[in-house]
Amino acid sequence: MRSCIINLWIVVALFVPVLLSLRSRRGETQIQTTPSSSSAASFSDSSSFSVKLANTFQFNQRIRDGSNLEYDFYKDTCPQAEGIVRSALTRIYFDHRDVAPALLRLFFHDCFIQGCDASLLLDENDGNSNSSVEKQAVPNQTLRGFDKIDLIKEEVEQACPGVVSCADIVSLAARDSVLLAGGPFYPVLTGRRDNHQSFFEEATAQIPRPDDNVTRTLHLFNLRGFNARETVSLLGGHNIGKIGCDFILQRLYNFQDTRQPDPSIPPDFLRQMRLNCPNNSNTSTNKDEFMTSKPMSSDVHSKSGMSYMQALSTSVSSGSTFDTHYYQSLLRGRGLLFADQQLMAEDKTAKLVSAYASDDGSTFRMDFARVMLKMSNLDVLTGLQGQVRLNCSRPVTS
């Protein structure tokens, strides 16, 4: 009887925060999935939207779906693990607010290539320091937050040596980053193991690019089991943090090697973007050279950029940081990345953007929480697979 009561309390402790965090900014707890009839689009406009939010994710059967993960996996071996991650990240966040979008992006880039296995963190490939690693791939050269993961790992190791994987720390830190940035809470199952390999070629070829069209974006996500709605929801993570000028310059000054700006950018927005990301003599005008140049983090433009809050007109109000301003910007043609604005180029994704933008943000928050849970379970290593690294940048060698 006592065990039943304990289990009940665990269920309550897990799901009550989810429900509370998904409330609208006005404190409404009910999720409205169908905007008013005057809206340009609604989640009920198409049969693809008929699945209720209460339904569980339908995982692609080709992908290890995290079914071997557990809630509170470390309850016996390191019960304080999640608390250590949370408290350490909270201290970091109040000194470095930009850590939230940095860790969210790091989490995505890790999980998107061979699953959530911390392979992105490695400085050497399977013990071979001469082999290229994911960190060195062009799409990953502007990633930040590796040092913050190392700090958190050190604290966890002091409490529980050799127990908690780097992959679990990355997933937990991403969830807590979303929450600190004003986003929804979602449960993170644990028990991931770390990969001893890194995948440079895959990262180079398969990470979505800022200049991708909507067809390629949807294709890359579909290969990993994400449908259009999940993809559009996940891209909403761009609403926190800045988009670095590295990813914007080609669109502003040499769109598709024309030496002209993207003609789809509204003139007033083009002026605003160019003020934030001016051209200079060091900027490459060749697309291929730009995308394969030296580590972009060393360029002055890596420290500048724009947020989607800036992208919205000052006449448009936007509430909390983690709301629908990303989608509102796309509706007005004010997407910062070409790949983002491309969501308006296809009818099914344009309807999703319009639907997310048309309510108070509760639908987006619910969908984003669900798709982040799905992403965190993507192609994980569990059980006897992989290893638990003592240092997140180096594999354990026998």
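# Reading contacts, disulfides and rings

Me: Leaving aside its neighbours within four places in sequence, which residues is Glu82 in contact with?

Reply: Contact means heavy atoms within 4.5 Å. Once neighbours within four places in sequence are set aside, Glu82 is in contact with Asp72, Leu172, Arg175 and Thr190. This is a predicted model, where local features need pLDDT of at least 70 and side-chain atom pairs count only at pLDDT 80 or more, while totals for chains, interfaces and linings use all residues. Residues are numbered from 1 along each chain as its sequence is written, and side-chain values use heavy atoms, with hydrogens and water left out.

Me: Where is Glu82 found, and is Glu82 buried or exposed?

Reply: Helices are DSSP runs of H or I with at least four residues, strands are runs of E with at least two, and both are numbered from the N terminus. Glu82 is in helix H2. Buried means under 20% relative accessible area, exposed over 50%, and partly exposed in between (1.4 Å probe, protein chains only). Glu82 has 17% relative accessibility, so Glu82 counts as buried.

Me: How many disulfides does the count come to?

Reply: A disulfide is a pair of cysteine sulfur atoms within 2.5 Å. The count here comes to four disulfides. With the bonded cysteines of the protein chain numbered in sequence order, the pairing reads 1-4, 2-3, 5-8, 6-7.

Me: Why is the disulfide of Cys78 and Cys160 right-handed?

Reply: Cys78 is joined to Cys160 with an S to S distance of 2.0 Å. The torsion about their S-S bond is about 80 degrees, so this disulfide is right-handed. Cys78 lies in the loop between helix H1 (2-21) and helix H2 (81-95), and Cys160 in the loop between helix H4 (146-159) and helix H5 (166-180), so the pair ties together parts that are 82 residues apart in sequence. Cys78 and Cys160 are both buried.

Me: Which parts does the pair of Cys166 and Cys392 tie together?

Reply: The sulfur atoms of Cys166 and Cys392 are 2.1 Å apart in a disulfide. Their link has -100 degrees about the S-S bond and is left-handed. Cys166 is in helix H5 and Cys392 in the segment after helix H16 (362-376), so this pair ties together parts that are 226 residues apart in sequence. Cys166 is buried at 0% relative accessibility, and Cys392 is buried at 1%.

Me: What is the torsion about the S-S bond of Cys245 and Cys277?

Reply: The torsion of this left-handed link is -75 degrees. Cys245 lies in the loop between strand S1 (243-244) and helix H9 (249-253), and Cys277 in the loop between helix H10 (267-276) and helix H11 (287-291), 32 residues apart. Cys245 and Cys277 are buried.

Me: How many aromatic pairs are there?

Reply: Rings of Phe, Tyr and Trp (its six-membered ring) pair if their centres lie within 6.5 Å; planes under 30 degrees apart count as stacked, over 60 as edge-to-face and the rest as tilted. The count is 14 aromatic pairs. One of them is stacked: Phe108 and Phe221, 5.9 Å centre to centre with 25 degrees between the planes. Phe108 is in helix H3 (residues 99-112) and Phe221 in helix H7 (residues 214-222), 113 residues apart.

Me: Which ring does the charged end of Lys135 sit over?

Reply: A charge sits over a ring if NZ of Lys or CZ of Arg is within 6 Å of the ring centre and within 35 degrees of the ring normal. The charged end of Lys135 sits over the ring of Phe146, 4.7 Å from its centre. The charged end of Lys374 sits over the ring of Phe226, 4.9 Å from its centre.
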